[in-house]
Amino acid sequence: QRRSGGRPGGAPSSSDFLDDTSDDDETPTLAEEVTVPEPDITSLASLQDALVRVSTLPLSQRRAAAERISQPRFLDKLFDIFDQCEDLDDTESLYRVFRIALTMVMLNDPGVLSAVLAGRNLMKLIGVLEYDPVLRRKLGHRQYLEKGVEFREILPLRPDLKRRIHDTFRLQYFRDVVVARYLDEATMCSVASMVVVRQNGIIADLCGDK
């Protein structure tokens, strides 16, 4: 079981976290392909703009962009930039990375969600989403998950199973707290389905260990 003294909160933010993209953006035509640039600290605005444009495309036309942004190299670069910005207290760039990461999640692409919500990437993503540009203050999600949660092991568990339990709890927290104010119903359902799949896998393993 897990216990805690509370969760980081804050007033609900509005849906205008993407509003600082350029005013002359137009919805891409059906024949237009959006090129998603590599993450670079000097061109975060271009990356954000490209992802917003991708989000306006029909699902069938997002595949190439989704495959690109779900690659480990792309995600590692993005999260490295986040670490740099956090070390430098570069608040405006942190807000930009927030918008980029949240737009990626809201594409609701299975490959992208599987990549960003797995393992260490999930904790990195949770860190990124502490910097909501609407709230204009840092939230405490990582501190809560790392120090405010107590895990009590009633029965001995295999290390891999224990890791999966921790990861699943973090994914539940991500769904219920970190992104609850942002996601549309379809994306929330996708994340909820991932939680259920992981929970069922854990239960099956626990039953199999008896």
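Q: How many helices and strands does the protein have, and in what pattern do they follow one another along the sequence?

A: This predicted model has nine helices and four strands. Read along the sequence, these elements follow the pattern β-α-α-α-α-α-α-β-β-α-β-α-α.

Q: What percentage of the residues in the protein are buried?

A: Burial is judged by relative accessible area, and a residue under 20% is called buried. By that criterion, buried residues make up 40% of the 210 residues in the protein. As for the surface, the protein exposes about 11,200 Å², and carbon and sulfur atoms supply 50% of that area.

Q: Which share of the contacts in the protein joins residues at least 24 apart?

A: A contact here requires heavy atoms within 4.5 Å. Among contacts between residues at least 6 apart in sequence, 75% join residues at least 24 apart. Val-177 lies in helix H8 and is buried, with a relative accessible area of 14%.

Q: Why is helix H6 described as largely enclosed by the rest of the structure?

A: A general point on helices comes first. Residues three or four places apart point the same way, because an α-helix has 3.6 residues a turn. In the present case, helix H6 spans residues 119-128, and seven of its ten residues are buried, so the helix is largely enclosed by the rest of the structure. The buried residues are Asn-121, Leu-122, Met-123, Leu-125, Ile-126, Gly-127 and Val-128.

Q: Where is Asp-89 placed, and what is the value of its phi?

A: The backbone angle phi can be read together with the location of a residue and its accessibility. Asp-89 has phi near 55°, a positive value in a residue other than glycine. Asp-89 is placed in the loop between H3 and H4. With a relative accessible area of 61%, Asp-89 is exposed, since the exposed class begins over 50%.

Q: What is the phi of Arg-136, and in which loop is this residue placed?

A: Phi of Arg-136 is near 60°, again a positive value in a residue other than glycine. Its loop runs between S2 and strand S3 (137-138). Arg-136 has a relative accessible area of 48% and is therefore partly exposed.

Methods: Residues are numbered from 1 along each chain as its sequence is written. This is a predicted model: local features need pLDDT of at least 70, side-chain atom pairs count only at pLDDT 80 or more; totals for chains, interfaces and linings use all residues. Side-chain values use heavy atoms; hydrogens and water are left out. Buried means under 20% relative accessible area, exposed over 50%, partly exposed in between (1.4 Å probe, protein chains only). Helices (H or I, at least four residues) and strands (E, at least two) are DSSP runs, numbered from the N terminus. Accessible areas come from the Shrake-Rupley method with a 1.4 Å probe; for residues, only the protein chains shown count as cover.
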